[in-house]
Amino acid sequence: MARRKKLVKVVLGVLVGVLISQFSNREHTCSQSRPKAAAAAPPPARSDDNLVFVGVMTAAQYLDTRARAVYETWGRKLPGKVVFFSSEDSYSDQVPLVALPDVDDSYPPQKKSFMMLKYMYDHYIDRFEWFMRADDDVYVRTDRLEELLRSVDSRKPWFIGQTGRGTTEEFGTLSLDSDENFCMGGPGVIFSRETLKRMAPFVEECLSNLYTTHEDVELGRCVRRFAGISCTWSYEMQVILYHNQSGQAAFTGDLKQKEVHRAITLHPVKQPRHMYRLDKYVKALQVQSYQQEKIELHRDIAASMEELGFRIRNLQNASLVEGLPLFPESRGSEKYLGDTSLLGLPGRLTRQQPRNVDDVLDWELISKTLYSWRDLNPRRRIGSCLKEGLSDVVRDIMEVINSYSKQRGRVIDFKEILYGYWRLDPVHGVDLILDLLLVYRKYRGHKMTVQVRRHAYVQQTFTEISIREVKNYDFPYMSQRSSTTAAIPVHQKLVKHLVSTFEQIPPILHPSPPKKQEVINFVLPLSGRYKIFRRFLKMYEDVCLKRQEEAKLFVVLYQNDRSSDFLRSGALIEDVQRTYGSDAVVAIYTNETFSRARALERGLSLLSGDDLVLFMDVDMIFHPRSLQRVRQNTVKEKSVYFPIVYSLYNPRLLNRTYPDNYSFFTDDIVDEDSGFWRQFGFGIVSLYKSDYVGLGGLNLLISGWGFEDVTFYDNAIKSSLRIVRSVDPNLIHVYHSIECDINLDAAQKTMCLGTQANMLGSLKQLQKVYERYEEVVVS
């Protein structure tokens, strides 16, 4: 037992040492790979600087653009040396350059390519194991290039690249024998030292016997003739030396592609800004791999300390021996290694231990759509964030599955997710259970292709929350902002910004006139509802009239059987007019049958085309901030604003009462138990009258409850106007009962009944009501 504990302590010491080393190497790698605003001195020499020499063919016109981007991204991280080769009159102080004598920048660059290889042979043949010919529009994953080259014996003749034999149109015109091929030049070509020794002395002879105008074809023919080898016949080279067929659009879109993740070289990257962008993405992938390695080390430490009798939650203060703490640096210090009580937890679906029913994490079903109890509509579209996360997870799963496939002569491809479950643990990470449909392809021995299903249990573990200040390096061709103040601390920048802001404030003695806000014209249909209208009018008076808000209220007042409501509502309007003037509230009286669409149309008839209109409902509570959002989101001839309002549930179900005083609703009342966001409500809308007319207006043939707003929203979507949809926590729809007339149109009746059901309460509350009812029935 003593020997076992001693062995565990030795292992722990090694693990902590590796973790410290990994943490330091990550900082060193990131600092060494940051691009500078201008060319700086070459990075310090490394012990592996003799692995590979890369010659990059470029032209004079690209030295300060493409060539510089290559040198400032992957060129600085190469385990060897990179040199750029151009025409004899070329010059640059930004990159290490060789101007080849008697060579111009004409295309095809056959002479440039052969003379570059001759230069490598004459000056560096005994200093490097490998030599690579590259273009200035290729990106190289230097870490993976090093891994590949160290796995191959450089003493043997190798000619490595993506094999080509020409296009269908070129078949028979490249003078290739049946057993001959060439390495395509774009993704890069790699020579072992032995290959270059055999071929380079004869480049002038190869140049004098050209059969085609293709540089890579002639290079392959020369290697075949004098080195006696052809380009590697390997399907894998199509993947790791990757050529994108999209041309100028290559690598300009989403980089989360399996081709980008698997490749060693990526070609073509035509614009320098895309080279920097690609380099930044690759660095992010490296950081992710470091974080994963860090988590695995913490798990190993936690498992080892458990053998010594330590619980995982006590590891921060644990010691290997007296005076030798397991984690010497405390939280907050620069070299703090992380919290093992979180990062060291092994992967399992029971990391979170609920103490009560409310703490139990809910699973959501993933199929063609997402099924969740959280929404009123349990079936909804899979959001873009979740879809992107699933793509990332599947790509990582397939990399793990195929990590040993080459050795076994097989490959497994992803086809689709049949179904899955996911949940979010706010403390530990994301849990996933996926049923995957895969395609198994065996290409060695007895060949076969068959579909298989596999279950994957996946956990994406959170790392610690960290804050770091990032210097704003001035990437060429990406930003024109100066980088001279990039290293100024944040608090100094803030002070400087505040000082400059105050300097721009005009003197108090000469204040500039405030900008006049645009008038918002409220149009409010009203039939009965005296008490509710009294609350609304009091709110309008406080929010708009007393604050001298630029607003007007047009009330379309219907005279119905409840004549007392009609008369009292008219009296309220007259009281406001006597206090604030006749323009404060405009009353439009009508004896027609109630129709919201016709009421809004009547209100609009008093406005001009340049007026800003807000269709309002008497049950709404609004705030000055809501009016500000209306002005910001509504632009004439450009955008229409459909705010998503918060609708309160039936107060009887919540054991609440809503007073007539509107100020009750201005408190923080928005939560999942009190109401819901009315995602499918389009009745509250702001737009200009001219845009309303351009959209064809509301359907005046619709009478009774609802549906006119849905058809209008459909017309707006089909137009050239931009639709602005945003939740507004200051727009609250107060609950009121809805009566669905049996004579309504079928579509209107269905919509009315659906709204009636949605406004009852949340699923959680309805479930409690059902449980109480069931108990009563059973008893």
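A polar contact is taken here as a pair of N or O atoms within 3.5 Å, where within protein one must be able to donate a hydrogen and the other to accept it, and where residues adjacent in sequence count only if both atoms are side-chain atoms. The structure is a predicted model, in which local features need pLDDT of at least 70 and side-chain atom pairs count only at pLDDT 80 or more, whereas totals for chains, interfaces and linings use all residues. Residues are numbered from 1 along each chain as its sequence is written, and side-chain values use heavy atoms, with hydrogens and water left out.

A polar contact of 2.8 Å joins the side chain of Thr-212 to that of Glu-218, and the Thr-212 side chain also reaches the backbone nitrogen of His-214 at 3.3 Å. Thr-212 has a relative accessible area of 10% and is therefore buried (under 20% relative accessible area, with a 1.4 Å probe and protein chains only).

The search for aromatic pairs (rings of Phe, Tyr and Trp, the last by its six-membered ring, with centres within 6.5 Å; edge-to-face if the planes are over 60 degrees apart) finds 24 in the whole structure. Phe-522 and Tyr-540 form an edge-to-face pair, at 5.5 Å centre to centre and 85 degrees between the planes, and both residues are buried. The rings of Phe-642 and Tyr-713 have centres 4.8 Å apart and planes at 85 degrees, so this pair is likewise edge-to-face; both Phe-642 and Tyr-713 are buried. Ring pairs also link Phe-53, Phe-85, Tyr-119, Tyr-124, Phe-128 and Phe-131 into a cluster.

Note on methods: Buried means under 20% relative accessible area, exposed over 50%, partly exposed in between (1.4 Å probe, protein chains only). Rings of Phe, Tyr and Trp (its six-membered ring) pair if their centres lie within 6.5 Å; planes under 30 degrees apart count as stacked, over 60 as edge-to-face and the rest as tilted.
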